[in-house]
Amino acid sequence: MRRRKIDGCPIAGALQLIGDKWTLLVVRELFAKPKRTTELVEELHPISSRTLMARLKEMEKDELILRVNYGGLPRRVEYELTERGRRLVPLLDALLRTGQVLDCNHCEDRKQQLGYYCDFCPNVRPEQFVEPPTYREEIPPARAPEPLPSLRPKDDSIILL
């Protein structure tokens, strides 16, 4: 794993490890089973193959995925999640619940567009799905901040010339 210079906060470190949106989408795709590069390009459309390969190399360096080269002609390479990569699955669950609560997208939209659900979809794995928590509808308004004391005393006197 690469060492990064960061402020020491675990949140910042995790965000740096994740890198961008493609990392979590690759984890989503590799959740159920190992996949070949061509499968990942198809499933992660509109990612370019150059972007995908760069991301896969970064993830391999970070020990999130394992690259298995079976050799042969044509070359057969598969990628699978490592134990370290599987530790990101609860984050995917949290993002899934957040997307449902915020009404971002629906699994049926993907089904209509692509013809199938992703392997992480609650429609594919209902026994592992957890209902989204209910949130309070109203957030109490924040109190107005106290005015800062003036640096010099106020002078309300009128000066006549």
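Reader: In what order do the elements of the chain run from the N terminus on?
Author: The order is α-α-β-α-α-β-β-α-α-α. The chain has seven helices and three strands; helices (H or I, at least four residues) and strands (E, at least two) are DSSP runs, numbered from the N terminus.

Reader: What kind of model is this, and how are residues numbered?
Author: This is a predicted model, in which local features need pLDDT of at least 70 and side-chain atom pairs count only at pLDDT 80 or more, while totals for chains, interfaces and linings use all residues. Residues are numbered from 1 along each chain as its sequence is written, and side-chain values use heavy atoms, with hydrogens and water left out.

Reader: Which strands pair with β3?
Author: Strand β2 (residues 65-71) is joined to β3 by six bridges, and the two run antiparallel. Strand β1 (residues 35-36) also pairs with β3 (residues 76-81) in the antiparallel sense, over two bridges. Two strands pair if DSSP finds at least two bridges between them.

Reader: Which residues stand opposite K35 and G71?
Author: K35 stands opposite Y79 in β3, and G71 stands opposite R76 in β3.

Reader: What about the hairpin of β2 and β3?
Author: Four residues lie between its strands, and G72 takes a positive phi near 80° there. The loop between β2 and β3 also holds P74, and the peptide bond from L73 to P74 is cis, with omega near -5°.

Reader: Where is the cis bond that joins H45 and P46?
Author: P46 is found in the loop between α3 (37-43) and α4. The omega of the cis bond from H45 to P46 is about 20°.

Reader: Which residues have a positive phi although they are not glycines?
Author: E63 is one of them, with a phi of about 60°, and D103 is another, at about 55°. Most residues other than glycine have a negative phi, and most peptide bonds are trans. E63 lies in the loop between α4 and β2, whereas D103 is in the loop between α6 (89-101) and α7 (107-114).

Reader: Changing topic, at what angle do α2 and α4 pack?
Author: Helix α2 (residues 21-30) and helix α4 (residues 49-61) pack at about 80°, with their axes 10 Å apart. Axes are lines fitted to C-alpha atoms, for helices over the stretch in contact, and angles run from 0 to 180 degrees between N-to-C directions. The angle makes α2 roughly perpendicular to α4, a term for 65 to 115 degrees.

Reader: Which residues make the contact?
Author: W22, T23, V26 and V27 of α2 meet T51, L52, R55, L56 and M59 of α4, where contact means heavy atoms within 4.5 Å.

Reader: How many residues are in the largest nonpolar core?
Author: The largest nonpolar core has 26 residues, and those with the most contacts inside it include V26, L56 and Y79. Such a core is a set of buried Ala, Val, Leu, Ile, Met, Phe, Trp, Tyr and Cys residues joined through side-chain atoms within 4.5 Å.

Reader: Which element gives the most to this core?
Author: Helix α2 does, with five residues.

Reader: And what is L56 in contact with?
Author: Leaving aside neighbours within four places in sequence, L56 is in contact with V26, L40, I65 and Y79.

Technical notes. Parallel < 35°, antiparallel > 145°, perpendicular 65-115°, else oblique. Buried < 20%, exposed > 50% of the residue type's maximum accessible area, 1.4 Å probe, protein only.
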